[in-house]
Amino acid sequence: EGYVAQEGNGITVILDTTLTPELIEEGYMRELVSKIQQMRKDSGFDVVDHIRVYLTAGEEITKAVKDFEDRIKSDVLADGVYFEADPDSKEWDVNGKPVKLAVKRV
């Protein structure tokens with residue numbers, strides 16, 4: 001348990017499939033970036049438009065965003081991430097966790 005093995009051509013590869021807290025946080029970050037990029041597209045923003053991200057979420061997601069804030073901002077061209085509600089927020093499911101997100105063009 002916690003490992004996957006595959007054999008072929010005389011070679012065996014074994015992978016550790018244990019999800020560490022760091023991997024789980026990175027998964028949240030990647031899923032959030034995907035949702036934010038989808039919101040940028042749906043809003044008709046140009047790829048060079050800078051945005052502000054508004055987010056309300058539970059403790060796990062909030063911690064992940066704070067831990068990866070610089071990377072998120074870089075990936076989505078955000079000038080800031082604000083941990084507050086916005087009237088235009090949309091609710092998303094991020095790996096089973098509810099998150100409300102809004103993006104505003106700067």
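Let's start on the surface, where V4, I11, V13 and L15 form a nonpolar patch with about 360 Å² of accessible area together. A patch here takes residues with over 30% relative accessible area and no salt bridge, joining nonpolar side chains (Val, Leu, Ile, Met, Phe, Trp, Tyr) within 5 Å and like charges within 9 Å. The areas come from the Shrake-Rupley method with a 1.4 Å probe, and for residues only the protein chains shown count as cover. Strand β2 (residues 11–16) gives the most to the patch, with three residues, while V4 is found in strand β1 (residues 3–8). V4 is partly exposed, at a relative accessible area of 46%. On this scale, buried means under 20% relative accessible area, exposed means over 50%, and partly exposed is in between (1.4 Å probe, protein chains only). Helices (H or I, at least four residues) and strands (E, at least two) are DSSP runs, numbered from the N terminus.

A quick word on the model: it is predicted, so local features need pLDDT of at least 70 and side-chain atom pairs count only at pLDDT 80 or more, while totals for chains, interfaces and linings use all residues. Residues are numbered from 1 along each chain as its sequence is written, and side-chain values use heavy atoms, with hydrogens and water left out.

Now for the charged side chains. Side chains of opposite charge can pair when their charged atoms come close. A search of the whole structure finds nine salt bridges, each being a side-chain nitrogen of Lys or Arg within 4 Å of a carboxyl oxygen of Asp or Glu. Here are three of them:

| Salt bridge | N to O distance | Helix |
|---|---|---|
| E26 and R30 | 2.8 Å | α1 (residues 21–42) |
| K35 and E31 | 2.9 Å | α1 |
| D75 and R71 | 3.9 Å | α3 (residues 69–76) |

E26 and R30 sit four residues apart, or about one helical turn. E26 is partly exposed at 23% relative accessibility, and R30 is partly exposed at 46%. Over in helix α3, D75 and R71 are also four residues apart, about one turn of the helix. D75 counts as partly exposed at 36%, and so does R71 at 34%. Salt bridges that share partners also join E25, K63 and D67 into one network.

Leaving aside neighbours within four places in sequence, K35 is in contact (heavy atoms within 4.5 Å) with W92, D93, V94 and L101.

That brings us to the inside. In soluble globular proteins, nonpolar side chains tend to be buried together. A nonpolar core is a set of buried Ala, Val, Leu, Ile, Met, Phe, Trp, Tyr and Cys residues joined through side-chain atoms within 4.5 Å. The largest one has 23 residues, and L32, I36, I51, V53, I72, V76 and L101 touch the most other members. Elements giving two or more residues to this core include α1, β3 (51–57), α2 (59–67) and α3. Helix α1 gives the most, with six residues. Not counting residues up to four places away in sequence, L101 touches several residues, among them L32, K35, I36, V53 and W92.
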